[in-house]
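Have the sequence and the 3D view ready.

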Amino acid sequence: MRSETLTCRVGAGLSGATRAGEAAAEAAREARESLGGADVDLAFVFLSAHHLDGAEEALDTAARELGPAHLLGCVAQGVVGRERELEQGPGIAIWAGALPGSRIETFHATAFETEDGVAVGGVPPLEEADLVTLLVDPFTFPAAAFLAKLAEAEDEAPPLVGGLAAGSGEPETQALFLDGEFLTDGAVGAVLRDVSVRTVVSQGCAPVGSDSVITSAEENVVLELAGKPAVERLRDELRTLTAEQQRLAAQGGVLAGLVIDENRSEYRRGDYLMRGLLGADEDSGALAIGEPVRVGQTLRFHVRDARSADEDLRLGLAGALEGSAAAGALLFTCNGRGTNMFPAPDHDAQAVAKALGGDAVGGFFCAGEIGPVGGKPFLHGFTATLAIFLSD
């Protein structure tokens, strides 16, 4: 752990200027104002797809303004800075952290073909890391398979957060940044040690019914829940829903929440990994879901809507910050959230800033979010994942 005399400081900036260099300069200066002259150990630059052609200019400008020891970033579908979310149009968000006493190692991970399939190279050792960040080009890097391999490891993986940077949603409309390099493939990341950080994964769901143990399953198909055909068990749960819960189920669908770490006396919201229901077989009573399952695993059905997502995020933030002061946060939010989910803009950014007691928030809209559940990293959808840097 770091010495108590060393204090983490974080600043963030946002600009909607149409020229990349101008926007980067404005956002960087805004971020730097909160640091009180402290050296920047780690910075992130997030650009909207509008600024793809000016990405190198923006990167050079941010590096000149901040002088960071390490700088990462990407081009994404939209950006988040301070208390605002720019879902469309030009935008640059910059996050800058003064992390005294920290040890930071950056990397560029790439995928390549082997006789046995696809392998990943370039990832440094992750042991004893306090945080790993990962920004991914989804068209050239197998994020889900990579995270699955980490989750299969016997040792607990370090907290890993980040997201898929999809630019305008088409190949070759995104870019990754790593310490002055402009990259167009793979994933970039940072391994942080000797920092005080907590993670939040808000999957935006509310539990319904009760926990059931999977008593028969094959791969991603649940055959029986608590000794009953899975479809029959689902019907039983749906019959017990209130009128409001039935409305949510009809509006946003029903999801399966899988407990990843069974070593708890009771399960809370953050203990479930949310996966969609892919299909049902009326004859066999089987349910197919979007994740491999195993006999003995606990499953609970959930529903998702704007109110559930709002409540879930606020509860997650309150739990992570209990008894601690925050310097700032990195926020990776789904492109299905924002005004696609909530009735007003800037929802996640404002909720995080309010919880932190400050607006040192930076991030982007992702085509898939990365965050830990039950001590293992997963790829999510419709989720907000955060790394909260503590100042005490």
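Which residues of helix α3 (residues 143-152) are buried? Keep in mind that this is a predicted model.

## Helix α3

The buried ones are Ala-143, Phe-146, Leu-147, Leu-150 and Ala-151. They sit on the same side of α3, because they cover an arc of only 140° around the axis. Here's the general idea: an α-helix has 3.6 residues a turn, so residues three or four places apart point the same way.

As for what covers the buried residues of α3, the list includes β8 (117-121), β9 (131-136), β10 (160-164), β25 and β26.

## The β25 and β26 hairpin

Strands β25 (residues 369-373) and β26 (residues 376-380) run antiparallel, joined by 5 bridges. Glu-369 stands opposite His-380 in β26. The hairpin has 2 residues between its strands, and Gly-374 takes a positive phi near 60°.

## Helix α6

Helix α6 (residues 306-321) has 16 residues, so at 1.5 Å a residue it should span 22 Å; its end C-alpha atoms are 23 Å apart, which agrees. Its buried residues include Leu-313, Leu-317 and Leu-321. Just after α6, Gly-323 takes a positive phi of about 80°.

## The nonpolar cores

The largest nonpolar core has 35 residues, and those touching the most other members are Phe-46, Leu-135, Leu-192, Phe-364 and Phe-389. There's also a second, separate core of 24 residues, with Leu-35, Leu-47, Ala-55 and Ile-92 among them.

Notes:
Residues numbered from 1 in each chain as written. Predicted model: local features only at pLDDT ≥ 70, side-chain atom pairs only at ≥ 80, totals over all residues. Heavy atoms only, no water. Core = buried A, V, L, I, M, F, W, Y, C linked by side-chain atoms within 4.5 Å. Buried < 20%, exposed > 50% of the residue type's maximum accessible area, 1.4 Å probe, protein only. Pairing = 2+ DSSP bridges. Helix = DSSP H or I, 4+ residues; strand = E, 2+ residues; numbered from the N terminus. Expected span 1.5 Å × (residues − 1). Arc of directions from axis to C-beta. Contact = heavy atoms within 4.5 Å.
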